[in-house]
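Student: I would like to go through this model from its overall build down to single residues. Please give the cut-offs as the terms come up.

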Amino acid sequence: MDTKHITYDDDIVRKFTAASVLFGIVGLLVGVIVALQLAFWQANLGPYFSFGRLRPLHTNAVIFAFVGNMMFAGVYYSTQRLLKVRMASDMLSRVHFWGWQLIIVAAAITLPLGITTGKEYAELEWPIDLAIAVVWLAFVANFFWTVAKRNEKHLYVALWFYISTLIAITVLHVVNSLEIPVSAWKSYSVFAGVQDALVQWWYGHNAVAFFLTTPILGIMYYFLPKAANRPVFSYRLSIIHFWSLVFLYIWAGPHHLLNTALPEWAQSVGMVFSLMLIAPSWGGMLNGLLTLRGAWSELRSDPVLKFFAAAVTFYGMATFEGPMLSIKGVSALAHYTDWIIAHVHIGALGWNGFMAAGMFYWLVPRLYGTKLHSQGAANAHFYLATVGILLYAASMWTSGVTQGLMWRAENASGGLAYPSFVETVIAIRPMYWTRLFGGTLYLIGFCVMAWNLVVTARSGQAVDGTADVVVAAETQEVGAGSILFGSPVLVCIGVLALLAVVAFVGPVGATIVLVVAGLVAVFATARFFQSKSDTGPSWHRLVEGSALPFTVLVIGGVLIGGIAEIVPIVLTGNSHMATTDHKPYTALELEGRDLFIREGCYNCHSQMVRPFTWETARFGAPSTIDDSIFDHPFQWGSKRTGPDLAHLGGRYNNVWHYKHLLDPRELSPGSNMPPYQHLARGTVDFSRTADKLRAMRSIGVPYKPEQIQSAAADALRAGQAIATGLKTDANVDVAPNAELVALIAYLQRLGHKESPMAALQTQPTDTHALARVSTGGR
């Protein structure tokens, strides 16, 4: 056997660590700003720094810049040591680092400019999407190339979670980013309405699962035992934890769409799989916490263990609350409220943020060959962050429950007790100030950490880790076929086949099938974990030493749920297109919809009325699949800072909309909506409208060739009608191609099967009739 001396590439780890800390401050600072804007509307400073444009910047900065860079630092550091080999390509590592930072900078520029797809957590436009794909694939190639060159054949549990992340994120990004470009910075999703909603939340939920959870769990399984100087509590439990998460997570996306127009079967599947996630998630949490057995006394003095223990606890809180929120009755109260905001931040700031802090405090001194500058400052950071996140979560839980109860409250006569939506906004304002205070504490603690790490790094010098590795003689690996067709895989296929039968039998038959499938799974698991030392390594031990079969199994686990949920919805969507009596948006309405998305209005308004009496009394009839059948992308929303807009059209005349957009508080005292005076000054370039209709037609929207040809003229004619009406009724002068006019046209369309002006648009000379229609018949 030969001995190799290896010098690890820790420079790439230092780069990603520095980037994570820097962008963490930026992301948290933007978060504090948008929290201030909700409590104090005057903090909306012009079009580029309004809530609707900054909120996506905050989420992208925290998820992809802060946590993303932290995740890459942890993966690069641990992978090299677990595989006992330097990363395969220094060049690919640098392409990954610099490419990712350029993507972040591009996001920081484009999102405030209003260049967005309007898809939550996937707002970046198509050129940046392509760049993400290229840079991500460079990371994937470098990782698997390193695995192929490894000197340690056994794949430790942390690597399993990294592999699942690489596979799942690749699939999620490609599918959710399928879009038709219109111009250099504009595109439309190929999916529409209910299809787009399911694809988006299949992506959105699993971005949380496979970008914010599985890689961080891998980091937990590596760094927590290192920091505690203890082995993982249960390796068998880690096996159950991993495979259960990989299989179950991918099915749970529909729980974001409960009680909506999504087909009932998809909602039920999402709810059931979400509830099942409690078991493996808490198994992982207990595995992490019990790894600290015998080291609990060190938590008093070791900030690293403090952060790790708190992070795993927050993981347990988030993964209990998530399944509970996936129950339809609970979702009916919590969805669209600030309760969901509390849940998200328990995960992002509690789980991800505390894991990042613990890893940085452990890692940076080793990267620079020195000791942490100040244990006291690290402990101060811990308490600042803990108090901050608890204040944040408690205020948003209180706010969310208050919203949910006020929206459904009835008076003595059975009507709505709080008919004005703004009453709720006023009631929860104290909680918004409390949230701001908690978030500010968290940011201050993070800045203390940044100072501590910078001083620590400057007190030492960059050091790359080294190792002398004994290279064993080549041994013949077990064939992939014997692994991929081993008894555990065959049992899984059998159980899945039994579960598929449930869709074709009655309630009694389904119950019997589920019981049989459960018994098979339980007995197979018990058999799987029996000791096999007398007959050689277990099946899973063979898998752990064979990277290709392991990756194939992960791919299968990731794909099966997505295919089973998405394909039927896409196919049934085509049948709805053939039978709908809804008409596509007119040229001007489409331009107005693009402005609605540009301004980030979807961050505060939903367009989905759920089938509850308190919602129909406030917003109108429950929404149907046809209502959003031409929406590329869908606009169902995930939060109601303002009221639902699904049936807004015709409720108010154009003068009301004009005044409301310029000064919301003139008509709605107490509103925290920012003003949009810039829309009255900005103009729409109708010469590009035909290209938009043409792109829409290519993805199934039934625009006729003559509609495309006359798009500019039609949009201008409709705009002139609205402008004339505003002049007649309110004596205001506004250009027919003003952005404000286009947005009003879109808002007046909402809730109508066709444009309220469509019948008169073929009579361009009757401008007074058009004006009457455009102002609600006045």
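Tutor: Helices (H or I, at least four residues) and strands (E, at least two) are DSSP runs, numbered from the N terminus. This is a predicted model, in which local features need pLDDT of at least 70 and side-chain atom pairs count only at pLDDT 80 or more, while totals for chains, interfaces and linings use all residues. Residues are numbered from 1 along each chain as its sequence is written, and side-chain values use heavy atoms, with hydrogens and water left out.

Student: What percentage of the residues of the protein chain count as buried?

Tutor: Buried means under 20% relative accessible area, exposed over 50%, and partly exposed in between (1.4 Å probe, protein chains only). Of the 778 residues, the buried share is 59%.

Student: Which residues touch the most other members of the largest nonpolar core?

Tutor: A nonpolar core is a set of buried Ala, Val, Leu, Ile, Met, Phe, Trp, Tyr and Cys residues joined through side-chain atoms within 4.5 Å. The largest one has 180 residues, and helix 2 (residues 51–83) gives the most to it, with 18 residues. Another core, of 52 residues, lies apart from it and includes Leu595 and Val684. The residues that touch the most other members of the largest core are Trp100 and Trp136.

Student: Is Gln101 buried or exposed?

Tutor: Gln101 is in helix 3. Contact means heavy atoms within 4.5 Å; leaving out residues up to four places away in sequence, Gln101 touches Phe16, Ala19, Phe23 and Asn69. Its relative accessibility is 8%, so Gln101 counts as buried.

Student: Which residues of helix 27 are buried?

Tutor: Helix 27 covers residues 689–698. The cover over its buried residues includes strand 2 (179–183), strand 3 (186–189), helix 22 (587–598), helix 28 (705–709) and helix 29 (711–730). Gly700, with a positive phi near 110 degrees, follows the helix. The buried residues are Thr689, Ala690, Lys692, Leu693, Ala695 and Met696.

Student: What is the phi of Tyr121?

Tutor: Most residues other than glycine have a negative phi, and most peptide bonds are trans. Tyr121 lies in the loop between helix 3 (90–110) and helix 4 (126–148) and is buried, with a relative accessible area of 11%. Although Tyr121 is not a glycine, its phi is positive, at about 70 degrees.

Student: Where is Asn259 found?

Tutor: Asn259 has a positive phi near 65 degrees and is a residue other than glycine. It is buried, with a relative accessible area of 11%. Asn259 is found in the loop between helix 8 (235–249) and helix 9 (264–276).

Student: Is the peptide bond from His632 to Pro633 cis or trans?

Tutor: Pro633 lies in the loop between helix 23 (613–619) and helix 24 (654–662). Omega of the bond from His632 to Pro633 is near 0 degrees, and the bond is cis.
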